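Hello,

Here is the structure I promised to pass on. Have a look at it first, and then read my notes below.

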Amino acid sequence: MFLTEYHDQSKPLNDRITDLKKQLAEAVFSENTDSSSVQKISGQIGVLQEKIELLRYQHFSKVAALCDQSQKEKLQPIITQLFGRRPPKEEVGERKENRKEPREPGESREPKREKRAEQERPSGERTPPSVVEKTDKYAERLDLSAEQKKKLEIIITASQKRGETLRHSGGVDRQFADAQKERIRKDEDDRIMDILSQEQKAEFRKMIEKRKR
């Protein structure tokens, strides 16, 4: 929820900054440009950037408020790195530029894209299980009652929705996204534990340990 809110609030500000920077670029070649208009545009960019930084601070303050002390210690270096980053679009452009590979004359770029896709998606990689598949697997392994299974399905559905929100949030640092995924997984495990008997909890802990290996 926090990521979606932050993205919705910051996107129009970033879009406006992009428009203003285009105006500055056009002003370079305009014979009618005066210093006062350039200063005005630069000032507007500064005001918008200030709003974005404040939104970012407020967003991560909410995230930090949900963490315990050990999670805050892990989150702090990630946030410190994020606040020192350049705007995501600039970095993405820079990464693409750095990743350009030399080509032989007449060589198509398409095979290289396919090669990268193969590296990013290893052969045999499985798609994440659906809510029903995961619920059925857990229910069978833990020997859940019908009531427990209903509660489990609600928990897994909520986790997958949080994961979808995270995946569709733009401008999110990879390390921060990984930390958020881990938090979603931890929250799911904790909620599942709450609906289990002592015997079932022991079995679920074994499942968690096996997953971490």
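What covers the buried residues of H6? The cover includes helix H7 (146-167), helix H8 (174-194) and helix H9 (198-212), where helices are DSSP runs of H or I with at least four residues, numbered from the N terminus.

Before going further, please note that this is a predicted model, in which local features need pLDDT of at least 70, side-chain atom pairs count only at pLDDT 80 or more, and totals for chains, interfaces and linings use all residues. Residues are numbered from 1 along each chain as its sequence is written, and side-chain values use heavy atoms, leaving out hydrogens and water.

Now to H6 itself. Helix H6 spans residues 131-142. Its buried residues (under 20% relative accessible area, 1.4 Å probe, protein chains only) are Val131, Lys134, Thr135, Tyr138, Ala139 and Leu142. They fall within an arc of 130° seen down the axis of H6, so they line one face of the helix; the arc is taken from the directions from the helix axis to the C-beta atoms. On the face turned away from that buried side sit Lys137 and Glu140, both exposed (over 50%). Just after H6, Asp143 has a positive phi of about 55°.

Two of the covering helices also pair up. The axes of H7 and H8 (lines fitted to C-alpha atoms over the stretch in contact, with angles from 0 to 180 degrees between N-to-C directions) come within 10 Å and cross at roughly 170°. That makes H7 roughly antiparallel to H8 (an angle over 145 degrees).

Enjoy exploring!

Notes
Helices (H or I, at least four residues) and strands (E, at least two) are DSSP runs, numbered from the N terminus. The expected span of a helix is 1.5 Å times one less than its number of residues. Contact means heavy atoms within 4.5 Å. Angles under 35 degrees count as roughly parallel, over 145 as roughly antiparallel, 65 to 115 as roughly perpendicular and the rest as oblique.
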